[in-house]
Amino acid sequence: MKIIKASTPSADGFRMPAEYEPHQGCIMIFPERADSWQYGGYAARKAFAKVAEAIARSEKVTVCASAAQYDNARALLPAHIRVVEMSSNDAWARDYAPTFVKNDTGVIRGIDWGFNAWGGLHDGLYFPWDKDDRMARKLCDLLEKDVYCKRDFILEGGSIHVDGQGTCMVTESCLLSKGRNPGLSRQEIEEVLRAYLNVSAVLWLPRGIYNDETNEHVDNICAFTAPGEVVLAWTEDEGDVQYAMSKACLDYLEQAVDAKGRKIKVHKLPLPKPVTITEEECQGLDACWDEPTRTAGERLAASYVNFYIANDSIVMPGFRDPADQAAKEILQGLFPDRQVVQIYARDILIGGGNIHCITQQIPV
Ligand code: KQY
């Protein structure tokens, strides 16, 4: 594996493909951290296994597990899912597995961004994060892909979406947050995105999902479903704190154009009713340093937008909410050639993210 420091993907003719382009595989990480996953992670591991199996119907899934969890992962996951021992601090493959880029002859390379647990010592979620931060490079080595080193720039995979045709979508709340790249202006951040993702237009949504502890990653509020088309997490309840956040994004998208000069077609995806954590669930979480990780009644950042686009399916969360079915039907209509598989995801949500956050695609 070559570590590339002197060049950038766009200078070398590489671009980040959209998630709806074909994949050769998907990376996941087996959860075990007791201050993220309630009651030692038993239920989370079962939910992750269901996600892995749904994706593995149409692409090769690789699950990274710690030395302590390797045997358990191997026993829980079917034989066609590859399990490799790799240390991590937690289980967010979207955020610290490599972002993959591809050139016109089909060569794939990775990008190793800096990772600081969603805000470092400013407002990050745990310390240390050193094992997470090494995963992109280790995974590129395992997959025999050369890797662009961009560790001086803090970025998580869940904070970017691309359409594969020159457009990237981010949120201001996340990319301009003080805990990531405080020395860089918005223009300088855009320049990094242009150089590393090979995009010419960056759409800056103002906000994400209420109480999303990643400083509101884009992958929980809005996702491309096709070039020029997005789904946006939406509530009709004007009294809900989320309403103004989603409306600000809608207003922004309605006046935006993408890299090809297209207006963006916005499909509203309903949100579930507010999901809050129970006292019993909180009792099952270890403290993070000396602070309780969550408090009973706290609202979790539940959103159906946090789905994964697999080769033959859409793997989306369900919350046992009346809106589950409507959200599933909307996604089915937008992806007629893929089967929508809905997985009950409360045990993933309690960790602070959802199905998109725990997966990272490797393009063909
Ligand atoms: O991408 C994500 N949504 C990660 C959230 C991390 C939460 C840590 N408890």
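Trainee: Where does the ligand sit?
Mentor: In the largest pocket. A pocket is an open set of points on a 1 Å grid over the protein atoms alone, where a 1.4 Å probe fits, with protein on both sides within 12 Å along at least five of seven lines. To sit there, more than half of a molecule's atoms must lie within 2 Å of the pocket's grid points. This is a predicted model, in which local features need pLDDT of at least 70, side-chain atom pairs need 80 or more, and totals for chains, interfaces and linings use all residues. Residues are numbered from 1 along each chain as its sequence is written, and side-chain values use heavy atoms, without hydrogens and water.

Trainee: Why are β1 and β5 said to stand at the edges?
Mentor: The open sheet of four strands runs β1-β7-β6-β5, with mixed pairing. β1 (3-4) and β5 (99-102) each have a single partner strand, so one side of each lacks a neighbour in the sheet.

Trainee: How do you know that β5 and β6 pair?
Mentor: DSSP must find at least two bridges; β5 and β6 (residues 108-114) have four, in the antiparallel sense. F100 stands opposite G110 in β6.

Technical notes:
1 Å grid on protein atoms, 1.4 Å probe; cavity = no way out; pocket = protein on both sides within 12 Å on 5 of 7 lines; lining within 4 Å. Helix = DSSP H or I, 4+ residues; strand = E, 2+ residues; numbered from the N terminus.
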